[in-house]
Amino acid sequence: MNTKKYMKIYSLFLYTSIATELEYKTNVIIDFVTAILSLVGSLFLLTIFFQNTDKIGGWNFEQALVIQGIYTILNGVTNTWFNPNLTEIVKHIREGTLDFVLLKPIDSQFFISLKKLAPSGILEIILGFALLFYCISINKININLWFLFLSFTTLFCSIVILYSLWFLISTTTIWFVKTWNATEVLRSFLYLGRFPLNSFSLSLRIFFSIFIPIAFITTIPSEVFLGLAGLWKILLELVVSGIFFIVSRRFWLFALKYYTSASS
Amino acid sequence: MDENIIQVTNLSKSFDISSKKPGLKGTLKHFFKRETKNIEVLKNINLKIKRGEIVGFLGANGAGKTTILKILCGLIYPSKGNLAVAGYLPYKRKSNFLKNITLIMGQKQQLIWDLPPMESFYLNAAIYDINKSEAKKRIKKLSNMLEIEKELYIPVRKLSLGQRMKAELLAALIHKPNILFLDEPTLGLDINAQRNLRKFLQIYNKETNATICLTSHYMKDITSLCKRVICIHEGCITYDGKLDKLLKKISPVKDILIICKTDKDAQELSKSGFIIKNKNQKEITITIKKDSIKFTLNEIINKFDIEDLYINEPPVDEIIGNILVKEKV
């Protein structure tokens, strides 16, 4: 893969996406306000949960805020990249415009996963990091290079898992044509990721660890951030994200053999 | 010129297509137990296309024209057969192969809707490894040929269909492809826009010696661009050869418009055993075999009092329309 070429193309994707978004100024402002209100709403909900109890699933309010911070970052990533691009896959396949993507001398997965960007999601990412920064002071966390490396690595892994899951579901559109609902269900599960895994029953914990790996998406990165995760959990997160990414990639390449393109 | 840039041998393609009966019962049955049929949309296709040729694919809706184009450009995997396009196996979609071809579809667009076409051109240039100064040169030349210099900086959504199609063409040709696959490129365009597009394609073919494979339901596209046509009927090639030869072969008749001096002559003429195609008071159009023109004209001039007479070829649309539904040409 020619990294320089892909960097140049990605810079053009960024530019065209921002230029497209800025064509509609009001929409950008509304998106920014929505991002702020969404975080405020989530924090309000969390304070209600902790009003009559100090701990939920072994996590106190200050620690639960870390999960909320990570969730906000992931939701920001979802709104910035996944939502504008991965939901478009369904449209590309239904309308046959995937033809244009497949006929370009560029990796099709790269193209359809990163072509668009919604700037309003970036505000959510910033707000999420701001919340995590606040959590560092209230949880009295020592910042050092090792801590930063592990935190960013696990956060990156959760993004990869979430992306791969979403991409896997979207890829099935090649056979089933319409899979909007499945991606909506995934978003709902991500919504549950704002709460510590221990706050769910054992059966749900198993479900959220194996089938929909919410545990790997929000809980483990939060534990790493708070210094509560063992090394094995971090390694497991790395392995799981690697497997998810490889499977999604292979599945995409396999599915393309069955692409029939929409009729003209 | 003699080099075969496209070679297809024994190509077949089948799809699983589901069918649904109307009504609630049919809908529920379709939801729980879908009935699918394997339909062979292309059967044993063999063809060779030389570099620089412009070939028109003719066929009724659903005949398999677009499927052939999509297999040739690598979008669809063939079920059987061998094929080589520019020396490559299309469905492997190798980078060098993709840089050699382009697909233009009249009903689908690749330009970024909210931005001026220029932004899409630069993005395509980067994807095809064309540096900015070279891209500028190519855009200038192509926009000049297509006469869309003024529209380059207007958002695509504000352009007319004709202007948008020209911009689509520019986006698809920025990498100087050697093979153009055009699927109904003039669909929905007005007469002037259609003519301009055809003129552009003729010049482009002449200047670059690019091979053009074209499908269109507008016969004017075919007659003014393609010397060679391939007729497809239910997935089989029914004719592959020169267009004028096809027209001669399938239309061994001429239309004669006769304007009689009196209504009486017109009535007698209409009862005299000729095949009447049209009758409008004193004007009668008859269809005769080409080899009997001399005899028929003599007969008409001697028997009837006529004011004027015109000999016409039947419209190409009509001739082609008739053969599209035939199994053999």
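Tutor: Two residues are in contact if their C-beta atoms, placed from the backbone, lie within 7 Å. Keep in mind that this model is predicted.

Student: How many residues does the contact take from chain A and from chain B?

Tutor: Count each chain on its own. Chain B gives 28 residues to the contact. Chain A gives 21 residues.

Student: Which element gives the most to the side of chain A that touches chain B?

Tutor: Two elements of chain A give two or more residues to that side: α1 (3-22) and α4 (98-102). The most, seven residues, comes from α1(A).

Student: How do helix α7 and helix α11 of chain A run, roughly parallel or roughly antiparallel?

Tutor: Take α7 (residues 145-171) and α11 (residues 214-225) of chain A. Their axes come within 9 Å and cross at roughly 180 degrees. Angles over 145 degrees count as roughly antiparallel. So α7(A) and α11(A) are roughly antiparallel.

Student: How many charged residues has the contact of α7(A) with α11(A)?

Tutor: From α7(A) come residues including A:L150, A:T154 and A:I161. From α11(A) come others, among them A:F216, A:P221 and A:V224. By class, the contact has 10 nonpolar and four polar residues. Charged residues: none.

Definitions and conventions:
Residues are numbered from 1 along each chain as its sequence is written. Chains are lettered from A and ligands numbered from 1 in the order in which they are written. This is a predicted model: local features need pLDDT of at least 70, side-chain atom pairs count only at pLDDT 80 or more; totals for chains, interfaces and linings use all residues. Helices (H or I, at least four residues) and strands (E, at least two) are DSSP runs, numbered from the N terminus. Axes are lines fitted to C-alpha atoms, for helices over the stretch in contact, and angles run from 0 to 180 degrees between N-to-C directions. Angles under 35 degrees count as roughly parallel, over 145 as roughly antiparallel, 65 to 115 as roughly perpendicular and the rest as oblique. Ala, Val, Leu, Ile, Met, Phe, Trp, Tyr, Cys and Pro count as nonpolar, Asp, Glu, Lys and Arg as charged, and the others, Gly among them, as polar.
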